[in-house]
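Please open the model in your viewer and keep the sequence at hand.

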Amino acid sequence: MKAPKVTKVTTHVLNEMKLRGEKISMLTAYDFSMAKILDCTGIDVILVGDSASNVMAGHKTTLPITLNDMIYHASSVKRGVERALVVVDLPFGTYQGNSIEALNSAIRIMKESAADAVKLEGGSEIVESITRILSAGIPVMGHLGLTPQSIHKFGTYKVRATESEEADKLISDAHLLSDTGCFSLVLEKIPAKLAENVAKSIKIPVIGIGAGSKVDGQVLVLHDMLGITQEFSPRFLRRYHNLNDEIKIAVERYISDVKDVKFPGENEQY
Ligand code: KIV
């Protein structure tokens with residue numbers, strides 16, 4: 001099947017990509033300028049992840065970020081994007097245990113940021129929330145495996161579902177999310193073979209992070225893959241650049257130009 005030229009990525013486009021075996025590329029973004037650069041590259045999906053809590057706000061976990069924060073980041077991103085599908089994380093505490101609150105949170109994100117879809121972490125425990133959000137016509141991406149909003153339950157960020165009980169629950173949750181109507185599923189930090197089996201056995205596209213290459217697409221946190229963040233180095237992270245050093249070099253040059261009165265020059269003033 002030949003790939004058609006796509007001017008706007010939709011959930012249907014992602015489905016077709018899975019059907020013809022074309023891999024889906026996804027990265028996070030949290031602001032207008034970065035989102036605009038990403039969109040020009042032809043990236044398929046931009047995730048306004050609650051990882052903003054870590055990389056933008058400096059928190060140790062994703063738990064503190066609020067719905068208002070996420071709407072601010074999402075609307076900034078959305079203003080920079082024409083082509084990519086923009087998916088926004090529902091933050092911790094805005095959907096668990098109360099499906100009406102979940103729907104209201106998702107509606108706020110869609111109305112106030114003009115995003116294309118929302119993402120929620122969890123399986124059977126949150127299926128009522130997912131069902132209610134879907135009933136309002138809002139596309140939902142699932143997220144299983146290492147779900148950072150549950151870090152206090154897990155206790156560590158180590159690989160999930162290595163034991164058969166957790167792997168079996170993940171497989172049944174993946175089927176449940178697919179059957180419930182999620183348009184796609186993120187699998188984070190689980191054994192590659194398990195991720196491959198899930199991707200093969202469900203209809204919706206499976207996007208991996210630390211889940212091996214045999215899934216339907218990949219996602220990374222932008223600040224990690226660009227080498228802006230330095231302290232986080234899991235095995236699955238490939239750094240495509242070392243922007244941390246590049247930024248420091250540029251800023252040090254600026255400082256020394258200012259100190260030596262080499263900036264501004266004759267033609268940089270009025
Ligand atoms: O918040 C985030 O950035 C995520 C990705 C790691 C999938 O959920």
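**A tour around helix H6**

Select Gly137 to begin: this residue follows H6, and its phi is positive, near 80 degrees. Helices (H or I, at least four residues) and strands (E, at least two) are DSSP runs, numbered from the N terminus. The model is a predicted one, in which local features need pLDDT of at least 70 and side-chain atom pairs count only at pLDDT 80 or more, while totals for chains, interfaces and linings use all residues. Residues are numbered from 1 along each chain as its sequence is written, and side-chain values use heavy atoms, with hydrogens and water left out.

Next, select residues 127-135, which form H6. Which residues of H6 are buried? They are Val127, Ser129, Ile130 and Ile133, where buried means under 20% relative accessible area, exposed over 50%, and partly exposed in between (1.4 Å probe, protein chains only). Seen down the axis of H6, the buried residues fall within an arc of 155 degrees, so they line one face of the helix; the arc is taken from the directions from the helix axis to the C-beta atoms. Glu128 and Ser135, on the other side of H6, are exposed.

Val118 stands opposite Val140 in E5.

Finally, display the eight strands that close into a barrel with parallel pairing, in the order E1-E2-E3-E4-E5-E6-E7-E8.

Notes
Pairing = 2+ DSSP bridges.
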